[in-house]
Amino acid sequence: MRAEIAGFQSRVTGLEQRMGLVEAQTTMSRDRNQDLLYLRSKLTDMEDRNRRDNIRLHGIPENEEGVDVQSFLRSILPKLTSLDFDPAIEFQRAHRVGPKRPGNSSRPRPIIACLLRYNQTRQILQAARKHGPFQLDQYDIRITADYSKETNDRRKAFLALRPRLRQLEIKYGLFDPARMWVTKNRVSKDFNNPEKLQLFLDSFQPQSMDSTSTSGSHDNGGDNEGNLPPGQKKTDTAQLKGLRLPCNTELAGRGQTPAPAAAAMSPRTRPAC
């Protein structure tokens with residue numbers, strides 16, 4: 001018996017030691033995951049900062065720019081944005097993004113351009129927000145900022161929540177790089193994560209689309225007088241109680257159908273045969 005108890009104690013001690021090792025490894029893994037998330041956010045922020053001088057032009061047909069993309073952009077940007085650049089606009093790089101699409105694709109590749117001066121980049125983007133999209137030879141040209149893939153995904157997730165925000169009558173605004181401000185009852189909140197914004201919207205009770213019609217039917221006591229034909233008024237149940245109406249058996253013997261008022265009466269109110 002003592003040998004068995006000693007064996008059980010040694011096994012329990014071994015299990016406790018293994019559990020301690022598992023807990024320590026779990027804590028280390030959790031800390032490493034947090035460090036990885038932090039490093040990923042820092043890398044995304046650094047990439048977005050490196051792209052601050054870039055603009056993207058969407059909708060320009062292929063081969064419209066010719067051989068020199070910078071000269072083409074230098075000639076069309078003042079016309080599109082109606083801005084007078086002083087000094088003249090200069091680029092570090094400008095080219096199409098991605099491989100050329102096969103065949104006669106209706107979607108041209110965007111042009112990405114890195115400007116030399118950041119203040120000119122801001123002027124172009126502000127003009128694009130106010131007056132875009134622009135017209136170039138009957139083509140719609142959009143000018144947008146350049147973000148990393150992670151930031152673009154977050155912005156798309158925020159924009160997908162716009163119908164829900166309008167339904168709840170919440171004012172919103174999407175700011176650079178991917179931050180959404182919402183205002184409800186004069187209280188503003190700032191969200192950097194689309195999932196947290198989704199949880200915030202789920203906290204509101206959904207509004208019924210037919211609440212107005214339902215409340216109206218309760219106010220009328222269940223009788224929809226507004227849907228009656230012209231010249232016909234609804235019949236009060238109290239008035240029907242004082243009338244002597246023929247029962248269904250009598251009407252059936254005469255070859256007649258019950259009157260609408262009699263048919264609408266409950267079995268307690270309808271006269272018995």
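A residue counts as buried here when its relative accessible area is under 20%. With that in hand, let's walk through this structure, which is a predicted model. The chain has 273 residues, and 23% of them count as buried. Its secondary structure comes to 10 helices and 8 strands. If you look at contacts in the chain with a separation of 6 or more, 54% of them are between residues 24 or more positions apart.

Let's start with the largest pocket. Rolling a probe the size of a water molecule over the atoms shows where empty space is left. The largest pocket has a volume of about 820 Å³. It is lined by 24 residues, and the ones closest to its centre are Arg-142, Thr-144, Ala-145, Tyr-147 and Arg-155. Strand 5 gives the largest share, with 5 residues. What sort of residues make up the lining of the largest pocket? They divide into 12 nonpolar, 4 polar and 8 charged.

Now for some aromatic rings. A pair of aromatic rings is described by the distance of the centres and the angle of the planes. A search of the whole structure turns up 2 aromatic pairs. In one of them, the ring centres of Phe-191 and Phe-200 are 5.4 Å apart, and the pair is called tilted because the planes sit at 45°, between the cut-offs of 30 degrees for stacked and 60 for edge-to-face. Phe-200 also pairs with Phe-204, and this time the arrangement is edge-to-face, with 5.3 Å centre to centre and 85° between the planes. Put together, Phe-191, Phe-200 and Phe-204 form one aromatic cluster.

Phe-200 has a relative accessibility of 17%, so it falls under the 20% cut-off. Phe-204, on the other hand, has a relative accessible area of 24% and is therefore partly exposed. There is another ring worth a look elsewhere in the chain: Arg-52 lies over the face of Tyr-118, at 5.5 Å from the ring centre.

Next, pick out Phe-72, which you'll find in helix 2. Is Phe-72 buried or exposed? It's buried, with a relative accessible area of 12%. Setting aside its neighbours within four places in sequence, Phe-72 is in contact with Ile-60, Glu-64, Glu-65 and Leu-136. Ala-94 is 22 residues away from Phe-72 along the chain, and their C-alpha atoms are separated by 9.9 Å.

Most residues other than glycine have a negative phi, and most peptide bonds are trans. Where does this chain depart from that pattern? The peptide bond from Asp-86 to Pro-87 is cis, with omega near 5°. Pro-87 is in the loop between helix 2 (69–81) and strand 2 (91–96). A cis peptide bond also joins Gly-132 and Pro-133, where omega is about -5°.

Gly-132 sits in the loop between helix 3 and strand 4 (134–136), and that loop is the place of Pro-133 too. Gly-132 counts as partly exposed because its relative accessibility is 33%, which lies between the cut-offs of 20% and 50%. Look across from Gly-132 to Leu-80: they are 52 residues apart in sequence, yet 8.9 Å apart in space, C-alpha to C-alpha.

Then come the phi angles. Asp-137 isn't a glycine, but it has a positive phi of about 55°. You'll find Asp-137 in the loop between strand 4 and strand 5. With a relative accessible area of 53%, Asp-137 is exposed, since the cut-off for exposed is over 50%. Asn-185 isn't a glycine either, and it has a positive phi of about 55°. Its place is in the loop between strand 7 (179–184) and strand 8 (187–191). Asn-185 has a relative accessibility of 65%, so it counts as exposed.

Conventions: Residues numbered from 1 in each chain as written. Predicted model: local features only at pLDDT ≥ 70, side-chain atom pairs only at ≥ 80, totals over all residues. Heavy atoms only, no water. Phe/Tyr/Trp six-rings, centres within 6.5 Å; stacked < 30°, edge-to-face > 60°. Buried < 20%, exposed > 50% of the residue type's maximum accessible area, 1.4 Å probe, protein only. Lys NZ or Arg CZ within 6 Å of the ring centre and 35° of its normal. 1 Å grid on protein atoms, 1.4 Å probe; cavity = no way out; pocket = protein on both sides within 12 Å on 5 of 7 lines; lining within 4 Å. Points joined across faces, edges and corners; volume = space filled by probe spheres on them. Helix = DSSP H or I, 4+ residues; strand = E, 2+ residues; numbered from the N terminus. Nonpolar A, V, L, I, M, F, W, Y, C, P; charged D, E, K, R; others polar. Contact = heavy atoms within 4.5 Å.
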